[in-house]
Amino acid sequence: MPSGSSAVSDSARSVTPGLWRNSDFRSLWIGQTASQLGEHASLVILPLIAVLTLNVGADQLGVLRALGQAPQLLLTLFVGVWVDRWRTRTIMALADLGRALALGGAAVAVLLGGLGLPALLAIAFAIGVLSVFFDVAYQASLVRLVQRDELLQGNSAIEGSRSAAQIGGPALGGTMMSLLSAPIAAAFSALFFVVSFLGIAGIRHRESIPEHPGGPRRIWRQIHEGLRFVFGDTLLRTVCLASATFQLSFAAMMTNYLLFLPRELHLSGTAIGLALAATGPGALAGSLLAARLPSRLGYGTVLVSAAVIGDGVLLCVPALHGTSVAALPALIAINLAFGVFGQLVNVTIMAVRQALTPDTMQGRVAATITFAGMGLTPLGSLLGGLLAEQWGIRTALLVTAAGMMLSPVLMALSPLARLSRTLPSPNATHDHGY
């Protein structure tokens with residue numbers, strides 16, 4: 001990847017066709033899309049297998065979901081080190097192969113009647129571990145495959161397909177469990193990972209990875225280097241803090257949101273699902289806008305204004321009253337707007353983060369920022385419940401939604417707000433060298 005600072009403001013027409021003519025990018029996009037579909041389908045299929053086939057209780061189902069999510073907190077920082085040491089193509093291919101085998105094994109075990117809860121828990125944890133590897137690796141892989149001035153369009157395509165998978169994957173998983181048997185549904189989900197494996201295997205670019213000495217002490221040192229790099233760079237430090245603030249407040253808000261809709265607005269389960277689903281199409285639209293707006297209006301302008309609108313629109317939710325007939329259209333509009341502007345922030349900030357980070361640090365920077373955000377999510381959920389108990393659902397929802405506004409405030413007060421229509425160069429704002 002060239003280190004020069006090519007202008008992102010070059011017309012999208014000249015960048016996008018070249019990007020799609022890149023066979024390695026097409027292979028990455030196909031593999032990542034199939035992988036996300038398989039991952040999000042499995043998030044529905046495995047719990048349904050537990051409920052419908054093993055007749056587990058709510059507590060056991062909670063353990064299953066927790067084990068699948070635990071690798072995000074336990075392994076992300078370590079995975080960032082390993083991604084910087086290895087070729088991302090190899091990591092993604094092995095992760096796909098492992099998840100295909102895990103789901104294929106689950107399908108065979110269900111078919112033979114030999115799948116018990118311990119085995120299903122082990123499968124969920126294994127898939128969670130491999131998903132962390134894949135998700136960190138694909139973010140680093142894009143930087144190693146495309147030109148620097150193609151990062152925005154590349155992220156737009158990849159994050160757009162991820163949003164589509166978040167919408168279609170659970171629906172597909174639920175549909176397969178409804179129309180097909182459990183083993184066939186698991187086998188179909190495994191096929192998505194096979195397709196992803198074949199797509200990733202089609203990447204011909206050979207990455208140049210520097211040699212790193214091994215050993216536990218060296219791994220901890222590299223984790224520390226990743227943390228120090230992020231917090232030593234003004235822009236990356238702001239991205240990390242804004243992400244952590246958003247995730248903490250969003251988790252607290254969602255706890256109250258999911259209580260507010262049925263208890264205060266008296267919405268049915270179908271109406272709640274319809275309202276929340278509006279975020280998905282909004283995210284797809286946001287991905288398309290992100291391919292063009294930052295290079296026309298400026299990265300700083302887009303980041304701050306989109307965050308203000310996307311987070312601020314949720315302040316309208318506590319003001320809703322009345323019947324479900326009146327509230328539902330407003331909720332759909334609110335969630336649609338949140339999806340559009342939230343995804344616009346996600347894609348833009350990822351391009352900025354990747355542009356600021358040297359190739360040798362991509363995995364660790366992605367892992368550090370992910371860890372900072374995801375690590376506060378459980379605390380935010382607990383905080384949201386506590387506030388609802390103390391102040392009531394509507395007041396707690398208003399306070400936690402207002403807390404989300406701290407994220408755009410942090411960006412507005414930082415150099416992020418002053419970014420122009422070109423991506424910043426690596427180390428341009430770093431407080432000290434490495």
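Among contacts in the chain (heavy atoms within 4.5 Å) between residues at least 6 apart in sequence, 89% join residues at least 24 apart. This is a predicted model, in which local features need pLDDT of at least 70 and side-chain atom pairs count only at pLDDT 80 or more, while totals for chains, interfaces and linings use all residues. Residues are numbered from 1 along each chain as its sequence is written, and side-chain values use heavy atoms, leaving out hydrogens and water.

**The whole chain**
- The secondary structure comes to 18 helices and 0 strands, where helices (H or I, at least four residues) and strands (E, at least two) are DSSP runs numbered from the N terminus.
- Of the 434 residues in the chain, 52% are buried, a word that stands for under 20% relative accessible area with a 1.4 Å probe, counting protein chains only.

**Helix 13**
- Helix 13, which covers residues 299–312, reaches 19 Å from its first C-alpha to its last, close to the 20 Å expected at 1.5 Å a residue, the expected span being 1.5 Å times one less than the number of residues.
- Because 10 of its 14 residues are buried, helix 13 is largely enclosed by the rest of the structure; among these buried residues are Tyr299, Val302, Leu303 and Asp311.

**Helix 9 and helix 17**
- Helix 9 (residues 234–263) and helix 17 (residues 393–404) pack at an angle of about 150°, with their axes 8 Å apart, where axes are lines fitted to C-alpha atoms over the stretch in contact and angles run from 0 to 180 degrees between N-to-C directions.
- That angle makes helix 9 roughly antiparallel to helix 17, a label for angles over 145 degrees.
- Residues of helix 9 that meet helix 17 include Phe246, Met253 and Arg263, and those of helix 17 that meet helix 9 include Ile393, Leu397 and Met404.

Definitions and conventions. Buried < 20%, exposed > 50% of the residue type's maximum accessible area, 1.4 Å probe, protein only. Parallel < 35°, antiparallel > 145°, perpendicular 65-115°, else oblique.
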